[in-house]
Amino acid sequence: MIPAEFHYTAPESLEDAIQALVDGGEDAKLLAGGHSLIPLMKLRLAAPSLLVDLRKVPGLHGIERQDGAFRVGALTPHRKLEFSPELGIVAKVAAVIADPQVRHRGTIGGSLAHGDSASDLPAAMLITEAEVTLQGPDGQRSVTAADLFLDYMTTAVGEQEVLTEIRLPALDGWGSSYHKFNRRSEDWAMVAACAVVKANGSTCEDVRIGLTNMAAVPLRATAAEDALRGQELSPENIAKAAELAAEGTDPPSDLNASTEYKKHLARVMARRAIADSLAA
Amino acid sequence: MSTVPVRLNVNGVKHTLEVEPRLLLVHALRDKLALTGTHVGCDTSNCGACTVHLNGEAVKSCTMLAVQADGEEVTTIEGLGTEDDLHPVQEAFWNNHGLQCGYCTPGMIMAGAALLAENPDPSETEVRHALEGNLCRCTGYHNIVKSILDAAGRSSSEVSA
């Protein structure tokens, strides 16, 4: 399978990349690691007229702590996130994206801009309450993860904007866990749940739970969070809260799982993710 | 459609190619440089038969454009060892019958070699995780895992069925 023809440019500055997007019109696309875009182009589900490759643009790599948050460059590959345990839940999530080869090439910025709700990182962005920086011809703006994912593979990133960096609040002292259910390890999640828990002794001071592939966008399991916050972190209370994980959701059935089965999986994955957060 | 120049260092040899931007790295290797040891399997980034090393890291060359490798170092199965001096992972596949039909083998060996470069003494579990992106449709995983552990100097008796 060979992509349709396109023009290619690899600008050496962010300004030139944005200008190339402006000049390229609506069929121009940014290329990061290409592990979402190139498969779509090979299947001819995407046929951009121009690819603007970001690989020579400086300043888009790396992880750096600044006060209470990490700044992660958009071109940082999943493999780098995986081996950065200080990122907590984001490192754990990155470690189970597809397979090692894909993790070497796929990037956090590319994955978030692609906005596939079956992919692993978006829900983790919701529960870390991350923000992304978008740079366009009219300047720079920040968008919270809660406002980033608009619909199925549709994000708030404008056609002429580059997602340059992700700001991840450091959840010091929080435990975290990710439970992903799939048939083969390199597959997308049928359903996955990520959790971060802040315990005060045996009490749940705060908890956030994210759901993957339960809607066109990643979700927070707010009913389950509310049920557990302030409660004793006993197995019974965790189980009771997790029973609410699918509340308000209506996931579309697909080849792998029916709506009912996905809701069941959300409850089970949420329970496991909360419970394992206490140990880590 | 216009072509663009791509400079590739493949197995230590520098090449400058004029390619269409849409040319995939695997096709540049196979069709332009006649390095047909790298296989096209699923062509959808699942099976890993096309695995090569890009600057030492295992990547799937069916999911990369050749232009993305401009100026980089690529190692294919042909560059891993020679007939007289096989790479330890190649030697171990030979000794442990690590292949059946052989189609997935170049990718398996490249994935295994990348693992050992990063982690010279992996557990069986680590080997299996490192091969998550490589499919063997003969389902010959047992001897593949055994081969990689053997290359790492681990006794094959440690491998469970």
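Me: What makes Met1(A), Leu43(A) and Leu45(A) a nonpolar patch?
Reply: Patches take residues with over 30% relative accessible area and no salt bridge, and nonpolar side chains (Val, Leu, Ile, Met, Phe, Trp, Tyr) are joined within 5 Å. Met1(A), Leu43(A) and Leu45(A) form such a patch on the surface, with about 310 Å² of accessible area together. Keep in mind that this is a predicted model, where local features need pLDDT of at least 70 and side-chain atom pairs 80 or more, while totals for chains, interfaces and linings use all residues. Residues are numbered from 1 along each chain as written, chains are lettered from A and ligands numbered from 1 in written order, and side-chain values use heavy atoms, without hydrogens and water.

Me: Why is Met1(A) called partly exposed?
Reply: Buried means under 20% relative accessible area, exposed over 50%, and partly exposed in between (1.4 Å probe, protein chains only). Met1(A) has 36%, so it counts as partly exposed.

Me: What makes β2(A) and β3(A) partners?
Reply: Two strands pair if DSSP finds at least two bridges between them. Here 4 bridges join β2(A) to β3(A), and the two run parallel. Ala28(A), for one, has Leu50(A) as its bridge partner.

Me: And why are β1 and β2 of chain A at the edges?
Reply: The open sheet has the order β1-β3-β2. β1 and β2 each have a single partner strand, so one side of each lacks a neighbour in the sheet.

Conventions. Patch = residues over 30% accessible without salt bridge, like charges linked within 9 Å, V, L, I, M, F, W, Y side chains within 5 Å. Areas by Shrake-Rupley, 256 points an atom, 1.4 Å probe, with all protein chains shown as cover. Salt bridge = Lys/Arg side-chain N within 4 Å of Asp/Glu carboxyl O.
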